[in-house]
Amino acid sequence: MTPARPRRADGARPRRRTSYGVKSAPYAFLLPAALLFALFFALPIGYALWLSLHKVEVEGLGLGRNARHEVWAGIGNYTDALTDSELLHGALRVLGYGAIVIPVMLGLALLFALLLDTERVRLTPFTRLAIFLPYAVPGVIAALLWGFLYLQDVSPFYFVLDKLGLPQPDLLDGGPLYLALSNIAVWGGTGFNMIVIYTSLRAIPAEVHEAAKLDGCSQLQIALRIKIPMVAPSLVLTFFFSIIATLQVFSEPSTLKPLTNSVSTTWSPLMKVYQDAFGKGDINSAAATAVIIAVVTLVLSFGFLRAANSRTKKEATR
């Protein structure tokens, strides 16, 4: 005989939990996130793709009710965007900008993280906060602050240089403009990357440091041979984020544009998207350019991560 099912205090049998409710519970928890993803990520991307494949045709003077209507353009907008010299020049400017920002920013972040991880550093929490604090300043505000420091008429730096009789270079014109823009990005982004690398350094077991010290390794040898190889995944992650941020540079040159004539309305690819959409009113061309930028960012990011993963696997098999 099968044993009777236990009864509750009121005499009723306990309800058996259905397998359907158990299986559907994870989907119920994921539903809010899926809805937000669809509304604010997937739907805008789909709409941008739809816009990029159409164009607006104007009949007559364009004054009638149905004088302007959208028609199928195919890849015409993409062809026009890829053959546009302004987009190419903007991409080259961003490459030069990234060649300065990424090595300097990640190098400083790694250096600060290694210094904070040493035992002799005092006031580590305050120093860590001081390095990270510029990241909390919004990019537009940071660009405004540095922009006024770059202006010769109001900057205290130029006043000191004038009193000392030293040359006063114009940082908002020509080649120095790249250094001026890069300085803003480095000042604001070093703290975030430093925190990521420093967190990985703190996760290294203390036994590793003790064994290296017993072997007679100096702090420099420990940093070069132990710490940096062990935080390589964090360096890959910060480099990945830096590539994306560089390709999407917009706020710094846009904020400095009213202060100098050296920054055009199409200085970066994203600025060209903004100019096409809201300056010229050609939202279809702007959508095509935005899709091209997204695809290039995806390809570069995927290629870098794949190369980094393959190298990690090769080193693990040795």
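**Reading the buried and exposed parts**

Analyst: Start with one residue, in what is a predicted model. Trp 267 counts as buried, because its relative accessibility is 3%.

User: What does 4% relative accessibility make Tyr 97, buried or exposed?

Analyst: Buried means under 20% relative accessible area. Tyr 97, at 4%, therefore counts as buried.

User: How do I read an aromatic pair, such as the one between the rings of Tyr 97 and Trp 267?

Analyst: Look at the angle between the ring planes: over 60 degrees counts as edge-to-face. The structure holds 13 aromatic pairs. In this one, the ring centres of Tyr 97 and Trp 267 are 6.4 Å apart, and the planes stand at 85 degrees, so the pair is edge-to-face. Tyr 97 sits in helix H3, and Trp 267 in the loop between helix H11 (251-256) and helix H12 (269-279). The pair therefore ties together parts 170 residues apart in sequence.

User: How are the rings of Phe 239 and Phe 304 arranged?

Analyst: Planes under 30 degrees apart count as stacked, over 60 as edge-to-face, and the rest as tilted. For Phe 239 and Phe 304 the planes are at 40 degrees, so the pair is tilted; the ring centres are 4.7 Å apart. This pair also links distant parts of the chain: Phe 239 is in helix H10 and Phe 304 in helix H13 (residues 283-317), 65 residues apart. Phe 239 is partly exposed, with a relative accessible area of 27%. Phe 304 is partly exposed too, at 23%.

User: Which residues do ring pairs link into a cluster?

Analyst: Phe 132, Tyr 135, Phe 192, Phe 240 and Phe 241 are joined that way. Gly 189 lies in helix H7 (residues 176-202). Gly 189 is buried, since its relative accessible area is 14%.

User: How do I read a nonpolar core, and how many residues has the largest one?

Analyst: A core is a set of buried nonpolar residues joined through side-chain atoms. The largest here has 24 residues. Among those with the most contacts inside it are Tyr 97, Tyr 150, Leu 177 and Trp 267. Helix H3 (85-116), helix H5 (139-150), H7 and helix H10 (232-247) each supply at least two residues of this core. A second, separate core has 13 residues, including Ala 113, Ile 131, Ile 197 and Leu 201.

User: Which residues does Leu 177 touch, not counting those up to four places away in sequence?

Analyst: Leu 177 touches Leu 171, Leu 172, Ser 262, Val 263 and Trp 267.

User: How do I read a salt bridge, and how many does a search of the whole structure find?

Analyst: Look for a side-chain nitrogen of Lys or Arg within 4 Å of a carboxyl oxygen of Asp or Glu. The search finds 5 salt bridges. In one of them, the side chains of Asp 84 and Lys 272 meet at 2.9 Å, N to O. Asp 84 is in the loop between helix H2 (76-82) and H3, while Lys 272 is in helix H12, 188 residues apart. Asp 84 is partly exposed at 22%, whereas Lys 272 is buried at 3%. Asp 84, Lys 272, Asp 276 and Lys 280 are linked in a network of salt bridges.

User: Where does Asp 117 lie, and which residue is its partner at 3.3 Å?

Analyst: Asp 117 is in the loop between H3 and helix H4 (124-132). Its partner is Arg 202, with the closest N and O atoms 3.3 Å apart. Arg 202 is in helix H7, 85 residues from Asp 117. Arg 202 is exposed at 53%, but Asp 117 is buried at 9%. Asp 117 also meets Lys 227 in a salt bridge (2.9 Å, N to O). Lys 227 lies in helix H9 (residues 219-230), so this pair ties together parts 110 residues apart in sequence. Lys 227 counts as buried, at 3% relative accessibility.

User: Which residues form a nonpolar patch on the surface?

Analyst: Leu 36, Leu 39, Phe 40 and Leu 43 do, with about 460 Å² of accessible area together. Phe 40 is placed in helix H1 (residues 19-52). Exposed means over 50% relative accessible area. Phe 40 has 62%, so it is exposed.

Key:
Residues numbered from 1 in each chain as written. Predicted model: local features only at pLDDT ≥ 70, side-chain atom pairs only at ≥ 80, totals over all residues. Heavy atoms only, no water. Patch = residues over 30% accessible without salt bridge, like charges linked within 9 Å, V, L, I, M, F, W, Y side chains within 5 Å. Areas by Shrake-Rupley, 256 points an atom, 1.4 Å probe, with all protein chains shown as cover. Helix = DSSP H or I, 4+ residues; strand = E, 2+ residues; numbered from the N terminus. Buried < 20%, exposed > 50% of the residue type's maximum accessible area, 1.4 Å probe, protein only. Core = buried A, V, L, I, M, F, W, Y, C linked by side-chain atoms within 4.5 Å. Contact = heavy atoms within 4.5 Å. Phe/Tyr/Trp six-rings, centres within 6.5 Å; stacked < 30°, edge-to-face > 60°.
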